Amino acid sequence: MLSWPSGDGLADYAADENVLELSTDAITGFVRQFNSCALGAGAALHIVGHSMGNRALLKALALIADAVPAGQRVAIDKIVFAAPDVDARIFTRTLDKIRHQTGPGGLGGRKTRYPSLKDKALWL
């Protein structure tokens, strides 16, 4: 599990965005390291992102997809985006980019998005 502290309030939202942006490199390294470990063990890696964390997860997946040579296997299989606090256009564009870079059977074979109509961040 990778987590970071949130201010957990509307007044803290901008600060949370900044902390997340500064965390993207660390999150990318974390996912890369787990991908390598899973490959070495012959296991699949499943990832769940939640709320604002999906922003960094999408960026990390795009960076990882950029670095995967054509035909190279990855362990990242199922990816769940729970209540993603990500603009729908950015979300779709990033997923399309990841698919085109890695091709069939590449990064994140199955992707599921669970939006919530009660998600306060998305309403705001």
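Modeller: Leaving aside neighbours within four places in sequence, threonine 24 touches Ala56 and Lys59, where contact means heavy atoms within 4.5 Å. This is a predicted model, in which local features need pLDDT of at least 70, side-chain atom pairs count only at pLDDT 80 or more, and totals for chains, interfaces and linings use all residues. Residues are numbered from 1 along each chain as its sequence is written, and side-chain values use heavy atoms, with hydrogens and water left out.

Colleague: Where does threonine 24 lie, and does it count as buried or exposed?

Modeller: Threonine 24 is part of helix H1; helices (H or I, at least four residues) and strands (E, at least two) are DSSP runs, numbered from the N terminus. Buried means under 20% relative accessible area, exposed over 50%, and partly exposed in between (1.4 Å probe, protein chains only). Threonine 24 has 8% relative accessibility, so it counts as buried.

Colleague: How is a pocket defined, and what lines the second largest pocket?

Modeller: On a 1 Å grid over the protein atoms alone, a pocket is an open set of points where a 1.4 Å probe fits, with protein on both sides within 12 Å along at least five of seven lines; lining residues have an atom within 4 Å of a point. Here 15 residues line the second largest pocket, and Arg55, Ala56, Lys59, Val86 and Ile90 lie nearest its centre. Helix H1 (13-41), H2 and helix H3 (88-102) each give two or more residues to that lining, and H2 gives the most, with 5.

Colleague: What should I make of a positive phi?

Modeller: Most residues other than glycine have a negative phi. Serine 51 has a phi near 50° and sits in the loop between strand S1 (45-50) and H2. Its relative accessible area is 17%, so serine 51 is buried. Alanine 83 also has a positive phi, about 45°, in the loop between strand S2 (76-82) and H3. With 11% relative accessibility, alanine 83 counts as buried.
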